[in-house]
Amino acid sequence: MGEDGCVTSAPQRPDGPTPTPRLIATDLDGTLLRDDKSVSLRTVAALAAAEEAGIEVFFVTGRPARWMDVVSDHVHGHGLAICANGAAVVDLHAGRKFVQVRALPRATAMTVVETLRATAPGTSFAVEMTTGINYEPLYPPFFQDPGAHVATAEKLLQEDADDTSAPVLKLLAHHSELAPDEFLTLARSVAGTYASITRSSPTALLEISALGVSKASTLELCCAERGISHAEVVAFGDMPNDVEMLSWAGTSYAMGNAHPAVIAAASGRTVANNEDGVAVVIERILAERAAHQR
């Protein structure tokens, strides 16, 4: 059961047979990964079977490149992953090398910081860059990063700061009192003209990217390079940062533990991440394909 109490015990597919896709795009946390951050043996087998059948698999996540070790052994073929909600395309076969970066301009990030400080006092910030994360003293980091700089967001974003050569992938904004969706709605209303704002955490933690940057827009670019249309993509997700991707894909599935906005955006539903919901659908796609080829 997810943060909003959403749960389903059986997959609900779109009307008609599931089309055989050319590409599967899946979120990681709350979707492909179980709650303990593992990839089940069933899911590993399903991903390998999809690749063997000629279906490309893309991991599309809010995670930074440095947190991709959990799935790096399960990337086949192209070796690419879309990270930081579309701000980066990373080659996991080449040591997490950045293939493409869609940076958030520092001046824009500064404007968002100023706007949220004025509208939601008590907001603390972190700055995710290609070189790692830096954060404010009051920001609650997920992991203590020994290489991180701790300073105000204004100082971290100064054009003449030490890390000016490192592109900013996203700005993170945390509030300790506002409800997660309340904070998201507020931020979009006051700063949505400057940047793309979403969330994937169960806490009031916002993820802010350059305007127009999302999982969907970067996935669309990757698909266009391969001559793959949106109709040939099957996507999976569970949180608001997946909504655009699920809306864009020809076929999409909300996990059984998904946020209500994700359920509304997807064309179908599968079981929860702890029940291997992604694998359930992939197995069905491959079984229907095999039956059709007989």
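Let me start with a term: buried means under 20% relative accessible area, exposed means over 50%, and partly exposed lies in between, with a 1.4 Å probe and protein chains only. Arg96, at 30% relative accessibility, therefore counts as partly exposed. We will come back to Arg96.

Now the ground rules. This is a predicted model, where local features need pLDDT of at least 70, side-chain atom pairs count only at pLDDT 80 or more, and totals for chains, interfaces and linings use all residues. Residues are numbered from 1 along each chain as its sequence is written, and side-chain values use heavy atoms, with hydrogens and water left out.

Two more conventions. Helices (H or I, at least four residues) and strands (E, at least two) are DSSP runs, numbered from the N terminus. Two strands pair if DSSP finds at least two bridges between them.

First topic: the parallel strands. Strand 2 covers residues 56-60. Which strands pair with strand 2 in the parallel sense? One is strand 1, residues 23-26, over four bridges. There, Ala25 has Phe58 of strand 2 as its bridge partner. Another is strand 3, residues 80-83, over two bridges. Val60 stands opposite Ile82 of strand 3. Four of the five residues of strand 2 are buried, so strand 2 is largely enclosed by the rest of the structure.

Five strands form it, in the order 7-6-8-10-9, with antiparallel pairing. Its edges are strand 7 (132-135) and strand 9 (195-199), each of which pairs on one side only. From one strand to the next, the twist averages 25 degrees. For angles, axes are lines fitted to C-alpha atoms, for helices over the stretch in contact, and angles run from 0 to 180 degrees between N-to-C directions.

Look at strand 8. It spans residues 168-174 and pairs with strand 6, residues 124-129, in the antiparallel sense over six bridges. Glu128 has Lys170 of strand 8 as its bridge partner. Ser124 stands opposite His174 of strand 8. Strand 8 also runs antiparallel to strand 10, and four bridges join the two. Leu172 stands opposite Glu207 in strand 10. Is strand 8 mostly covered or mostly open? Mostly covered: seven of its seven residues are buried.

Helix 6, residues 180-191, lies across strand 8, strand 9 and strand 10, and runs at about 175 degrees to strand 9. Here is a length check. The expected span is 1.5 Å times one less than the number of residues. For the 12 residues of helix 6 that gives 16 Å, and the end C-alpha atoms are 16 Å apart, which agrees.

Which residues of helix 6 are buried? Pro180, Phe183, Leu184, Ala187 and Ala191. Seen down the axis of helix 6, they fall within an arc of 100 degrees, so they line one face of the helix. That arc is taken over the directions from the helix axis to the C-beta atoms. On the face of helix 6 turned away from the buried side sit the exposed residues Thr185 and Ser189. The cover over the buried residues includes helix 4, strand 8, strand 9 and strand 10, where contact means heavy atoms within 4.5 Å.

Last topic: charges. A salt bridge is a side-chain nitrogen of Lys or Arg within 4 Å of a carboxyl oxygen of Asp or Glu. How many does a search of the whole structure find? It finds 15 salt bridges.

Take Lys215 and Asp27. Their closest N and O atoms are 2.9 Å apart. Lys215 is in helix 7 (residues 215-225), Asp27 is in the loop between strand 1 and helix 1 (28-32), and the two are 188 residues apart. Both are buried. Asp27, Lys215 and Asp242 are linked in a network of salt bridges.

Next, Glu56 and Arg226, with 3.2 Å between the closest N and O atoms. Glu56 belongs to strand 2, while Arg226 lies in the loop between helix 7 and strand 11 (233-237), 170 residues apart. Arg226 counts as partly exposed, at 22% relative accessibility.

Back to Arg96, as promised. Its side chain meets that of Asp69 in a salt bridge, 2.8 Å from N to O. Asp69 is partly exposed too, with a relative accessible area of 48%.
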